[in-house]
Amino acid sequence: MSYIRSRAFEKDGYVVLDPYDQSADPKEWLDLEYVDWKSSGETRFAPLASASGDMDCNGFWNHTPPRTDKDGVWVEANVAKAPILKARAEEPGANIGRCRVIELQPNDYATALYNLHQDDNNRLNPDGTGWIVRGYFNLSDDKDSVLILREDRFDPDTEVRIALPAGAQLIIDTQRFWHAVWHQGTEPRYCLITSWESGPELDAYIEKYHGTSGYPTTPLDPAFVEKAQTEVRRRLAERAATLSAKGRASYPAYDDEDSDD
Ligand SMILES: [Fe+2]
């Protein structure tokens, strides 16, 4: 057997949907309760659905009993303040696992590259069921910010950068890609991230909103990229040395964390 996957992901592993008219909605994300949760970058999270319905950001595999990233329970205190965000997460009709708003502080390209990680969405996911992918709905208007995707963590030639204006709607196989956001700006970035189970419901949703891949990425100045790559290697070596001194493994960077963004 194998997992059920969307054909839309076969070619590139992500889709970009039609943009959403974010300006027509109230900024519900500013009313939510956020909890400190260290992910890739300086972040906080406002959980909308968690393993138990508690104000909790932990991976469902760390719950008792452990389970995969499905059947999230709504966090009443937050969904009461964000009915539109909840409705948007529910619109595909696919099974929802973790659902939350991420708040990310501005960073730079080298820091984003350092933060590249793969998600662990399919841990404990039973073979023969739907592969879990994640929706990214950008809420704040971050026209100069991009989601970085790389097939190969250290190979800039595999990099795709997708712009994140308000209303950008992406669905990503975040377990396949090394990913992180390069958030340029002065204010935090807010994004609704939802774990969905692949299947006919999600396929129909992607089709309805004209999901496409092959996003055009303009190459960056090679000297700028090389400088950032060098900085990342330096930081990773420094981190490895620190962890080694503490007797801990050093790779991958986010293996024991619930990375997001
Ligand atoms: Fe992630």
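I began with Val101, which touches Trp29, Leu32, Phe45, Ala46, Leu48, Leu85, Tyr190, Cys191 and Leu192, leaving out residues up to four places away in sequence. The model I am reading is predicted. I then looked up the largest nonpolar core, which has 59 residues. Val101 is among the members that touch the most others, and so are Leu48, Leu147, Ile148, Leu170, Cys191 and Leu192.

Next I took Ala46 from the contact list of Val101. Ala46 sits in strand 3, residues 43-50. Is Ala46 buried or exposed? I find it buried: 28 other C-beta atoms lie within 10 Å, and the cut-off for burial is 20 or more. Beyond its neighbours within four places, Ala46 contacts Trp29, Leu32, Glu33, Tyr34, Asn78, Arg100 and Val101.

**Whole chain**

I counted five helices and eleven strands in the protein chain. The radius of gyration is 18 Å, close to the 18 Å that the globule rule gives for 261 residues, so the chain is as compact as a globular protein of that length. The C-alpha atoms fill a box of roughly 45 × 45 × 40 Å along the principal axes. Of the 261 residues, 43% count as buried. I also looked at contact range. Among contacts between residues at least 6 apart in sequence, 79% join residues at least 24 apart.

**Strands**

I followed strand 9 (residues 169-172) to two partners. Strand 1 (residues 14-16) runs antiparallel to strand 9, with three bridges. In that pair, Tyr14 stands opposite Ile172. Strand 6 (residues 132-138) is also antiparallel to strand 9, through four bridges. There Gly135 faces Ile171.

I then turned to an open sheet of three strands, in the order 8-7-10, with antiparallel pairing. Strand 8 (159-164) and strand 10 (178-182) are at the edges with a single partner strand each, so one side of each has no neighbour in the sheet. The twist averages 20 degrees from one strand to the next. Strand 7 (residues 142-150) is joined to strand 10 by five bridges. Val146 has Trp182 as its bridge partner in strand 10.

**Helix 5**

I checked the length of helix 5, residues 222-245. Its 24 residues should span 34 Å at 1.5 Å a residue, and the end C-alpha atoms are 35 Å apart, which agrees. How many of its 24 residues are buried? I find two, so helix 5 lies largely in the open. Gly247 follows the helix, with a positive phi near 80 degrees.

**Torsions**

- Thr64 and Pro65 are joined by a cis peptide bond, with omega about -5 degrees. Pro65 is in the loop between strand 3 and strand 4 (73-74).
- Leu124 is not a glycine, yet its phi is positive, about 70 degrees. I place Leu124 in the loop between helix 3 (109-115) and strand 6. It counts as partly exposed, with 14 C-beta neighbours inside 10 Å.
- His210 has a positive phi near 55 degrees. His210 is in the loop between helix 4 (200-208) and helix 5. With 10 C-beta neighbours inside 10 Å, His210 counts as exposed.

How values were computed: Residues are numbered from 1 along each chain as its sequence is written. This is a predicted model: local features need pLDDT of at least 70, side-chain atom pairs count only at pLDDT 80 or more; totals for chains, interfaces and linings use all residues. The radius of gyration is taken over C-alpha atoms; the globule rule is 2.2 Å times the number of residues to the power 0.38. A residue is buried if 20 or more other C-beta atoms lie within 10 Å of its own, exposed if 12 or fewer, and partly exposed in between; C-beta atoms are placed from the backbone. Two residues are in contact if their C-beta atoms, placed from the backbone, lie within 7 Å. The expected span of a helix is 1.5 Å times one less than its number of residues. A nonpolar core is a set of buried Ala, Val, Leu, Ile, Met, Phe, Trp, Tyr and Cys residues joined through C-beta atoms within 7 Å. Two strands pair if DSSP finds at least two bridges between them. Axes are lines fitted to C-alpha atoms, for helices over the stretch in contact, and angles run from 0 to 180 degrees between N-to-C directions.
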